[in-house]
Amino acid sequence: MKIAIVLLNYNDAKGTVDALKRIDGFSCFNDVIVVDNASRDDSAGQIEKAVEGSSIHFIKAPKNGGYGYGNNIGVRYAYEKLHDELVVIANPDAEFDEALILAMGRLFEYKENVGAVGAVMRSHSAKNQKHSRYIELGAARDSKVPSAQGTMKEQDNHFSYDEYLASGWKRRGFLGSLINSGPVLRRLFRHSINYPYEHYLRTKLEADKYVDTEPGLPSACKVYAVHGSLLMVSAAVFCSLGGYDEGMFLYGEENVLAEKLLRAGLDSYLVNMGYEHAGSVSISGSGHTAVRRQRFRNESENYYYRKYLGCSKPELMLAKLVQKTVLAETKLAALLGIL
């Protein structure tokens with residue numbers, strides 16, 4: 001299958017060029033596409049100069065229509081102009097290896113009705129940490145999983161509950177989504193609005209049975225949505241569904257894409273392999289303050305509640321009340337220098 005990667009840049013030429021350097025030489029990508037989302041600095045010029053004479057496709061968006069708008073331009077170009085079959089949508093600050101991309105692609109080859117595939121996102125702060133909870137649940141008893149005495153390199157692909165939750169999550173509906181939007185509520189009701197930790201491990205062990213009949217198929221579990229910093233989609237499916245909803249400027253695109261895929265009878269998978277994410281550098285470095293970013297989240301949440309969950313007026317009023325509280329917490333945290 002032909003695979004392309006789309007990198008969306010906004011005011012982050014250095015990060016985007018660094019990302020291009022990291023994937024330079026990857027044989028898995030037939031095409032590399034960079035979209036500049038109408039940066040307000042000289043990013044476009046810097047990137048254009050950096051890719052000059054290469055096979056990299058560089059596109060300048062006519063406006064900054066948001067995350068979904070910019071990525072839609074790249075995916076459509078890959079599908080309509082370059083005829084790529086699979087597209088990796090990656091933030092420039094996502095760091096991954098070629099083995100992960102190949103593993104994600106295999107799910108599209110071996111399984112039917114695959115809409116999107118993601119991987120486990122690790123923050124730089126979590127790098128090389130041991131996760132005793134994984135061993136605690138007895139996963140080490142399986143011959144394919146390293147024991148607690150295994151080397152750090154061996155254990156590097158086994159992750160904490162928080163890492164799994166941030167990478168692939170369940171459909172929460174209105175109330176669950178509302179709870180998840182608040183940092184305090186999210187902690188209090190953590191286990192009731194999320195998959196249990198065993199979901200990721202049990203399905204991993206069940207997926208191992210495919211190895212005998214389909215060599216090379218990575219272990220993976222079904223989830224409702226996967227994180228948008230690194231995912232692989234079918235170009236044809238993505239475009240046929242209209243891609244990301246451009247009515248949302250920033251944040252929450254994963255749930256909308258997941259809802260579109262679900263309604264089309266397609267599944268999303270999380271492979272049990274990891275990548276590192278620097279923590280939304282591409283967003284925090286764009287000039288938006290923490291408070292402004294929270295406003296974007298609120299706007300996107302309301303859009304999702306209204307258009308995709310069909311929430312009633314009383315539910316939307318409740319959402320706004322919770323969002324005001326979260327925004328006040330964000331302002332206080334920013335004032336105290338926590339954010």
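Mentor: Helices here are DSSP runs of H or I with at least four residues, strands are runs of E with at least two, and both are numbered from the N terminus. This is a predicted model, where local features need pLDDT of at least 70, side-chain atom pairs count only at pLDDT 80 or more, and totals for chains, interfaces and linings use all residues. Residues are numbered from 1 along each chain as its sequence is written, and side-chain values use heavy atoms, with hydrogens and water left out.

Trainee: Which residues of helix 1 are buried?

Mentor: Buried means under 20% relative accessible area, exposed over 50%, and partly exposed in between (1.4 Å probe, protein chains only). In helix 1 the buried residues are Ala 13, Gly 15, Thr 16, Val 17, Ala 19, Leu 20 and Ile 23. They pack against strand 1 (3-9), strand 2 and helix 2, with contact meaning heavy atoms within 4.5 Å.

Trainee: How do I read a pocket?

Mentor: Rolling a probe the size of a water molecule over the atoms shows where empty space is left. On a 1 Å grid over the protein atoms alone, a pocket is an open set of points where a 1.4 Å probe fits, with protein on both sides within 12 Å along at least five of seven lines; lining residues have an atom within 4 Å of a point. The second largest pocket is lined by 17 residues, and Leu 20, Asp 24, Val 32, Ser 55 and Ile 56 lie nearest its centre. Helix 1 (13-23), strand 2 (31-36) and helix 2 (43-51) each give two or more residues to that lining. The largest share, four residues, comes from helix 1.

Trainee: Is His 83 buried or exposed?

Mentor: His 83 counts as exposed because its relative accessibility is 55%. Tyr 251, also not a glycine, has a positive phi near 75°. Tyr 251 sits in the loop between helix 12 (235-240) and helix 13 (253-263), and counts as buried because its relative accessibility is 14%.

Trainee: How much of the protein is buried?

Mentor: Of its 339 residues, 55% count as buried.
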